[in-house]
Amino acid sequence: MFTGLIEAVGRVDTLDELPGARRMVIETPLAGELTIGDSIAVNGVCLTVVARTEARFSAEVSPETLRVTTLADWKVGRSVNLERPMRADDRLGGHFVLGHVDAVTELTAVRAQGDCYWLEFRVPHAIEACLIPKGSVSVDGISLTVAALTERMFAVQIVPHTWAHTALSALSPGSAVNVEGDVLGKYVARVMSLQAPA
């Protein structure tokens, strides 16, 4: 489990194609603090560390993960958001993020507003029932607040710290992102759907 508070921005150093899967090497100062078998969220996708050095770690990506996330389209040199799992004795500063991507969606607009940025995304069907104004959403692993919501669009306001310390600044309209709905909202939506009259 993660919080959506990004610890570091890494860089895709190597991509190796495996039979139906992919192995990626990420360059990051966090690598020296990881051990083999650790979980790590990479742009909101929970991956397992399979090898590491002081400067890099490797993870293997399954065919299903490649199918339902943006990872299949990544290129060497891409910047990625990284977060290690939360500890039981840590403060929870963001929201509960599982690292299980619900959908891929598109960034449709970016506007500067003073030192901040306003980002708009298409609402993916998979999380539309979990999106509420001022609720939480994970975009590429970042815990964000829904600042505006319509049937087709949700928007977030990015403060300068988040802009400077995540990979969001590398995105532009048309970029694909991983999104995960708030897990509490997903459970509520599931319970309500089971109680709905047939």
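## A colleague's note on this predicted model

1. Let's start at one end of a sheet: strand 11 and strand 12 (residues 153-158) pair in the antiparallel sense over two bridges. A148 has A155 as its bridge partner in strand 12. Please keep in mind throughout that the model is predicted.

2. Stepping back, the sheet is an open one of seven strands, paired in the antiparallel sense, with the order 10-9-13-7-8-12-11. Its edges are strand 10 (142-145) and strand 11 (148-149), each of which pairs on one side only.

3. Strand 12 also holds V156. Is V156 buried or exposed? With a relative accessible area of 1%, V156 is buried, because buried here means under 20%. Leaving out neighbours within four places in sequence, the contacts of V156 are Y117, W118, L119, F121, V137, L144, T145 and A147.

4. The largest nonpolar core has 21 residues, and the members that touch the most others are M24, V42, L47, F57, L71 and L82. At least two residues of this core come from each of strand 1 (8-18), strand 2 (21-27), strand 3 (39-42), strand 4 (45-52), strand 5 (56-61) and strand 6 (79-83). Apart from this core lies another, of 20 residues, with L107, L131, V137 and V179 among them. As general background, nonpolar side chains in soluble globular proteins tend to be buried together.

5. Some nonpolar residues sit on the surface instead. M1, L92, F96 and L184 form a nonpolar patch there, and together they have about 350 Å² of accessible area. L92 belongs to the loop between strand 6 and strand 7 (103-113). The relative accessibility of L92 is 37%, so this residue counts as partly exposed.

6. On to the charges: the count of salt bridges comes to 14. One of them joins R11 and D13, whose closest N and O atoms are 2.8 Å apart. Both partners count as partly exposed, R11 at 31% relative accessibility and D13 at 21%.

7. R11 has a further salt bridge, with E27, where the closest N and O atoms are 3.0 Å apart. This pair links distant parts of the chain, since R11 is in strand 1 and E27 in strand 2, 16 residues apart. E27 is partly exposed, at a relative accessible area of 29%.

8. E27 in turn meets R56 in a salt bridge, at 3.9 Å from N to O. What does this pair tie together? E27 lies in strand 2 and R56 in strand 5, so the bridge joins parts that are 29 residues apart in sequence. R56 counts as partly exposed at 29% relative accessibility. Through shared partners, the salt bridges join R11, D13, E27 and R56 into one network. One point for your own cut-offs: a salt bridge here needs N and O within 4 Å, so the 3.9 Å pair of E27 and R56 qualifies.

Methods
Residues are numbered from 1 along each chain as its sequence is written. This is a predicted model: local features need pLDDT of at least 70, side-chain atom pairs count only at pLDDT 80 or more; totals for chains, interfaces and linings use all residues. Side-chain values use heavy atoms; hydrogens and water are left out. A nonpolar core is a set of buried Ala, Val, Leu, Ile, Met, Phe, Trp, Tyr and Cys residues joined through side-chain atoms within 4.5 Å. Buried means under 20% relative accessible area, exposed over 50%, partly exposed in between (1.4 Å probe, protein chains only). Helices (H or I, at least four residues) and strands (E, at least two) are DSSP runs, numbered from the N terminus. Patches are made of residues with over 30% relative accessible area and no salt bridge: like charges are joined within 9 Å, nonpolar side chains (Val, Leu, Ile, Met, Phe, Trp, Tyr) within 5 Å. Accessible areas come from the Shrake-Rupley method with a 1.4 Å probe; for residues, only the protein chains shown count as cover. A salt bridge is a side-chain nitrogen of Lys or Arg within 4 Å of a carboxyl oxygen of Asp or Glu. Two strands pair if DSSP finds at least two bridges between them. Contact means heavy atoms within 4.5 Å.
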